Amino acid sequence: MRQAEQSAAPWPPASLLADIRHRMAETAQQYDQQGAFPYQNLSWLQQHKLLALATGQSYGGSGASLETLQQVISAIAGGEPSTALITCMHYLYHLRLRQPNRWPTELIRRVSETAVSEGALINSLRVEPEMGSPARGGLPQTIARRTATGWVLNGHKLYTTGIEGLHWLVVWARSDDQVPLVGSWLVPKSAPGISIIPSWDHIGMRGTGSHEVIFKNVTVPLNYAADVTPVNATTHTDTESQTAFANANTALLAAIYDAIARAAADWLTGWLQLRTPSGLGKPLASLPRVQEQAGQIESLLLINSTLLNQAAAEAFSYSQAGLAKATITDNAIRVVDLALQLSGNYGLTRSNPLERHYRNVLCGRVHTPQRDSAWLYAGQQRLNTAPA
């Protein structure tokens, strides 16, 4: 082929994605059994410049497309999904910072440049004991008190994914003003007064280190009120930005659970091709009943890949993105459930990865939007009763 006709090699190359998946899978069982934080995995991703993949190019990052980020997240999750979830949350925040937002430019610069130079991770801290998920409504109980020299934060957060390895905490709080400001304060994890309660002991996604965090008189500069507005203010809703983030959330977050399901299907395929009961005299893969259920798995994964591709292309409306996320995660759970039906006791044996995949994939249901919320909003849209 002439040089002028050659197309650029795709990025990321399939070889890199395979390397990521293999590297992450090597210690996946260990992280799961120990509930240990995947420091080594994250260090490897930083060494390969993958933690700056979503960071804006103007700050030295790659400014990668949503499609590229999805491919990388899927590769990580196919090997070790806890690492993928930590990385996903980091990517989602850098995608937000690449969109129009109210953050001071200096804060965007600091967060972005440290992601490039150090692999400094960022995530939001929103859930609290008193109110549960903020997606269900309510005001935060974490208080930011204004002083002459800065803000002083006090509060208690739950399910802080990646807290052991985070550099930046985006803390949802309210000020102590008579008419409080509500929104996000940027807090370096190194700030004095932050303590971690090691309470994360779930059946799945055990390596995320999603512990509780206590803020006791934690001080940050006044300009670290990154995105706050008066609680009673009427703010303009940027529908385009909301829709873009909803697509990104589905494209990356749901990709994790789809990748878990694909890892389960891969294990099942190998097992069915090798498992030859003495009474049958041939592999289980030769049975029509088994082939039918394997075809059902393929159907569910085909639906998922179609929806994930649409999300990566930002082709969904806000309500459609929520429906897609719920559908992908439900399909992923169904895939692993079918795999367990076909493998029986073998699939539930701790020495096989399938039982780990099942515990991990169940966690897909807890992420916002949960399916009841996605269905409710889509139903209101259909019936023209959605809140403005």
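Let me begin with a term: a residue is called buried under 20% relative accessible area, exposed over 50%, and partly exposed in between. By that rule Val 179, at 42% relative accessibility, counts as partly exposed. The structure I am presenting is a predicted model.

Val 179 is placed in the loop that runs between strand S4 (166-175) and strand S5 (181-188). Together with Leu 139 and Val 231, Val 179 makes up a nonpolar surface patch, whose accessible area is about 210 Å² in total.

Asp 177 and Arg 146 meet through their side chains at 3.0 Å, N to O. Arg 146 belongs to strand S2 and Asp 177 to the loop between S4 and S5, so far as sequence goes 31 residues apart, and the pair links distant parts of the chain. Arg 146 is partly exposed, because its relative accessibility is 42%; Asp 177 is likewise assigned as partly exposed, with a relative accessible area of 25%.

Staying with charged pairs, the count of salt bridges comes to 12. One of them joins Asp 330 and Arg 365, with 3.7 Å between the closest N and O atoms. Asp 330 counts as buried, at 18% relative accessibility, while Arg 365 is partly exposed at 39%.

A further salt bridge is found between the side chains of Glu 355 and Arg 359, at 3.0 Å, N to O. How far apart are Glu 355 and Arg 359 in helix H10? They are 4 residues apart, which means a separation of about one helical turn. Glu 355 is buried at 10% relative accessibility, and Arg 359 is buried at 12%. Salt bridges with shared partners bring Asp 32 into one network with Glu 355 and Arg 359.

I turn now to the aromatic residues. The structure contains 7 aromatic pairs. Among them is the pair of Trp 271 and Tyr 346, which is tilted, with 5.3 Å from centre to centre and 45° between the planes. Trp 271 lies in helix H7 (residues 239-274) and Tyr 346 in the loop between helix H9 (318-343) and helix H10 (354-361); the pair thus links distant parts of the chain, 75 residues apart. Trp 271 is buried, with 15% relative accessible area, whereas Tyr 346 is partly exposed at 38%.

The charged end of Arg 96 sits over the ring of Phe 245, 4.1 Å from the ring centre. Arg 126 lies over the face of Trp 172, with 4.6 Å to the ring centre.

Finally, I come to Thr 149, in the loop between strand S2 (143-146) and strand S3 (151-160). Is Thr 149 buried or exposed? Thr 149 is exposed, because its relative accessible area is 70%. Apart from neighbours within four places in sequence, Thr 149 is in contact with Pro 221 and Leu 222. The C-alpha atoms of Thr 149 and Arg 98 are separated by 29 Å, these residues being 51 apart along the chain.

How values were computed. Residues are numbered from 1 along each chain as its sequence is written. This is a predicted model: local features need pLDDT of at least 70, side-chain atom pairs count only at pLDDT 80 or more; totals for chains, interfaces and linings use all residues. Side-chain values use heavy atoms; hydrogens and water are left out. Patches are made of residues with over 30% relative accessible area and no salt bridge: like charges are joined within 9 Å, nonpolar side chains (Val, Leu, Ile, Met, Phe, Trp, Tyr) within 5 Å. Accessible areas come from the Shrake-Rupley method with a 1.4 Å probe; for residues, only the protein chains shown count as cover. A salt bridge is a side-chain nitrogen of Lys or Arg within 4 Å of a carboxyl oxygen of Asp or Glu. Helices (H or I, at least four residues) and strands (E, at least two) are DSSP runs, numbered from the N terminus. Buried means under 20% relative accessible area, exposed over 50%, partly exposed in between (1.4 Å probe, protein chains only). Rings of Phe, Tyr and Trp (its six-membered ring) pair if their centres lie within 6.5 Å; planes under 30 degrees apart count as stacked, over 60 as edge-to-face and the rest as tilted. A charge sits over a ring if NZ of Lys or CZ of Arg is within 6 Å of the ring centre and within 35 degrees of the ring normal. Contact means heavy atoms within 4.5 Å.
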